Amino acid sequence: MADELALLVADVYEAAGALRRVGEALAAAEGQTQARWQLMSAVSEQPLPVARAARRLGIARQGVQRIANDLVRDGLAEYLDNPDHRTSPLLALTAVGHGTLDAITARATTAHRVMAEGIAGSDLATVRELLRRLTRQTDDWADTAGQARGARPKARTATTREEGA
């Protein structure tokens, strides 16, 4: 079983790389990068502090801060006062940012239709459930292993948080 899991991990990394390359191309068609696209998507429905957006994306706050500043500089996002924390403003998309995100999302929707041709929806749902379960179990193992070493538990992934795990 461990060998199969190791092979699955390799396949997931390979798929992630292929999807990342496609994502970069989709975003580039609108003059953006995949990192900017991901951050715009993360704050599209609700303005978030940069630190919270970083946790949601599972990446370092400093990198997200740089991207956020670039989005603001380019008029795609803006900082809003945060009523809950004076020194941690909320990052929100501007109308131009929403338009850019919508254009990238439309390109992605078209690409996803083509990429999914010949794959049953039920197969995709099964794979998604398996990946969510593997993510939860991996997070649980990492939390337990970290606690055994006296380390602080790691932040949960967006997927596990959304499911209330």
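Helices, of at least four residues, and strands, of at least two, are DSSP runs numbered from the N terminus. Please keep in mind that the model you are looking at is predicted.

Is Ala-2 buried or exposed? Exposed means over 50% relative accessible area. Ala-2 has a relative accessibility of 62%, so this residue counts as exposed. If you look for Ile-59 from there, you will find it 57 residues away in sequence and 27 Å away in space, going from C-alpha to C-alpha.

**The chain as a whole**

Stepping back, the protein chain has seven helices and three strands. Their order along the sequence is α-α-β-α-α-β-β-α-α-α. The C-alpha atoms fill a box of roughly 50 × 45 × 25 Å along the principal axes. The protein chain has 165 residues, and 27% of them count as buried. Taking the contacts with a separation of 6 or more, 48% are between residues 24 or more positions apart.

**The sheet**

Now for the strands. They form an open sheet in the order E1-E3-E2, with antiparallel pairing. Why is one side of E1 and of E2 left without a neighbour in the sheet? Each of these two strands stands at an edge and has a single partner strand, so one side of each has no neighbour there. Helix H4 packs on the sheet and touches E2 and E3, and its direction makes about 110° with that of E2.

| Strand paired with E3 | Residues | Bridges | Sense |
|---|---|---|---|
| E1 | residues 48-49 | two bridges | antiparallel |
| E2 | residues 77-80 | four bridges | antiparallel |

Individual partners can be picked out too: Leu-48 is bridged to Leu-91 of E3, while Leu-80 has Leu-90 of E3 as its bridge partner. In a regular strand, side chains alternate between the two faces of the sheet. In E3, Leu-90 and Ala-92 point one way, Leu-91 and Leu-93 point the other way, and all are buried.

**Two packed helices**

Two packed helices are described by the angle between their axes and the distance between the axes. For H3 and H4, the angle is about 115° and the axes are 9 Å apart. Their crossing is right-handed. On the H3 side the contact involves Val-50, Ala-51, Ala-53 and Ala-54, which meet Arg-61, Val-64, Gln-65 and Ala-68 of H4. By type, the residues of this contact are six nonpolar, one polar and one charged.

**The largest nonpolar core**

Which residues touch the most other members of the largest nonpolar core? They are Trp-37, Leu-39, Met-40, Val-43 and Leu-71, out of 22 residues in this core. Two or more residues each come from helix H1 (2-28), helix H2 (34-42), helix H3 (50-57), helix H4 (61-73), strand E3 (90-93) and helix H5 (95-115).

Conventions. Residues numbered from 1 in each chain as written. Predicted model: local features only at pLDDT ≥ 70, side-chain atom pairs only at ≥ 80, totals over all residues. Heavy atoms only, no water. Core = buried A, V, L, I, M, F, W, Y, C linked by side-chain atoms within 4.5 Å. Buried < 20%, exposed > 50% of the residue type's maximum accessible area, 1.4 Å probe, protein only. Axes fitted to C-alpha atoms, helices over the stretch in contact; angles between N-to-C directions. Left-handed = near helix turned anticlockwise from the far one by under 90°. Contact = heavy atoms within 4.5 Å. Nonpolar A, V, L, I, M, F, W, Y, C, P; charged D, E, K, R; others polar. Pairing = 2+ DSSP bridges.
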